[in-house]
Each structure stands twice: as C-alpha cells, then as structure tokens.
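Visitor: I am new here. Please show me the structure, and then I will ask about it.

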Amino acid sequence: MPHGSLSLPARLCLLAWDSMPEAMGTAHLVRAGALTELARRGLLTDEDGIVTPADMDSLTADPVLDGLLELVRESLPHRWRTWVTLHARVTSDAVREQLTADGCLRAERKRVLGVFPSVDHVLERTDVVESLRQEARGLLERTPPVAEVSEEEAAAVALAVAAGLPALLPDGDRERHKDRVEELIGRTGVSGVLSELCSALATVPH
C-alpha cells in the first residue's frame, strides 16, 4: 500500500500501532487527525473557536471523514478540544475497519468470557508501519527541510508528537522538538486549528 493512499487518520492509527494503547489515547490521536484533514479540505472551519461545518451537503468520499462530518453537523456546537475526545472511538473504529478492508490489518473474531462476540485487529503490514515511523522520525529530526514536507506528513508528525507517541518520542521529551513542530504546523495551511488540536492532545488524560 503506497503511503500516499493513506488518509491522515489512517496514517496516525498505524504510527501509533502497539506504541500507544487504545485506552491511552490512540482514539484521540486518530480523531485529531480526522478533524485536521476536514479542516485542510475546508469542510470544517473555525468560528471563534467553535468547530463549524462549511456547509451541510459536501462529502469527501472517505467514509471515516464523512462519518465525522455527519456527526459534527448533527451535534450541538463544540470546540476543537471537545471534539478530540467526544465519541472518539467511533472514528477510531471506522479507521480500523478501513485499514482492514485495505489489507493493513486483519480482523480476528473471538468471544469474551466465551459468550460475547468481539473482534481483535492484528497488524498485517508491519513493513508499512516501520516505514511510516522511519519517515516520521526523519521529518522530526529536520530532514528534509520543512518546505519539502507534504502538508499531510507535517500534520501527522505534529499531532503524533503532541500526543507523546512513544514510537517517535521514546524519552517522552516534547520540548526538545518544539521548534521543529512549530515549523511543521506552519506548513499545513491550518496552523491555528492544528495548534489547538495539538494543545488538546498534549493535555487530554491518557
């Protein structure tokens, strides 16, 4: 699977795979990625800090993004910080289904306590995850220059660092990369929104 075919939330889901347990913030990271992508496409805008749909009809043809867009349209107004956590598992589960359909994950059905049906997702494409992590580490360490980084890659690294993703920050030191992250945020075209989402990820309980 070419990396370019991965959506921003899918990229973040794979970056976090087995590095940040679901209960410790993967769902929040993936949701922040989906919000960022909708903002980049102009489908969600910022109105005095409130997440606001640009219109009530536009769609992306991506079921994960369209599902979140519909949720925002049908809900009471909320700030970006609230949307990072509100029903975040809905977006995370949809991304896992998407990655399963694309062959990156494999769904294994089981029964909890021998009775309740459940599904575990197992990583099939370890090569994709390792490649994504190597690229992200390189971008974080200032190679290549920020002008050569795509907006989506820049957003992914900024969000991953804000969430303290162990795969990128084994020492947990966000401060060491502060200047580089600011450069990457500025590269995305939605720096105000992305800064707010990064702030939310950095402070949300994991």
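Guide: Start with Glu-124, which is partly exposed, with a relative accessible area of 41%. Partly exposed lies between buried (under 20% relative accessible area) and exposed (over 50%), using a 1.4 Å probe and protein chains only. This is a predicted model: local features need pLDDT of at least 70, side-chain atom pairs count only at pLDDT 80 or more, and totals for chains, interfaces and linings use all residues. Residues are numbered from 1 along each chain as its sequence is written, and side-chain values use heavy atoms, with hydrogens and water left out.

Visitor: Which residue forms a salt bridge with Glu-124?

Guide: A salt bridge puts a side-chain nitrogen of Lys or Arg within 4 Å of a carboxyl oxygen of Asp or Glu. Here the closest N and O atoms are 2.3 Å apart. The partner of Glu-124 is Arg-106.

Visitor: Are Arg-11 and Glu-152 buried or exposed?

Guide: Arg-11 and Glu-152 form a salt bridge, with the closest N and O atoms 3.7 Å apart. Arg-11 lies in helix H1 and Glu-152 in helix H7, so the pair ties together parts 141 residues apart in sequence. Helices here are DSSP runs (H or I, at least four residues), numbered from the N terminus. Both residues are buried.

Visitor: How is Asp-171 classed, by its relative accessibility?

Guide: Asp-171 forms a salt bridge with Arg-176, the closest N and O atoms being 3.9 Å apart. The relative accessibility of Asp-171 is 48%. Asp-171 therefore counts as partly exposed.

Visitor: How many salt bridges does a search of the whole structure find?

Guide: Some are linked in a network, which includes Glu-37, Arg-40, Arg-41 and Glu-151. The search of the whole structure finds 14.

How values were computed. Helix = DSSP H or I, 4+ residues; strand = E, 2+ residues; numbered from the N terminus.
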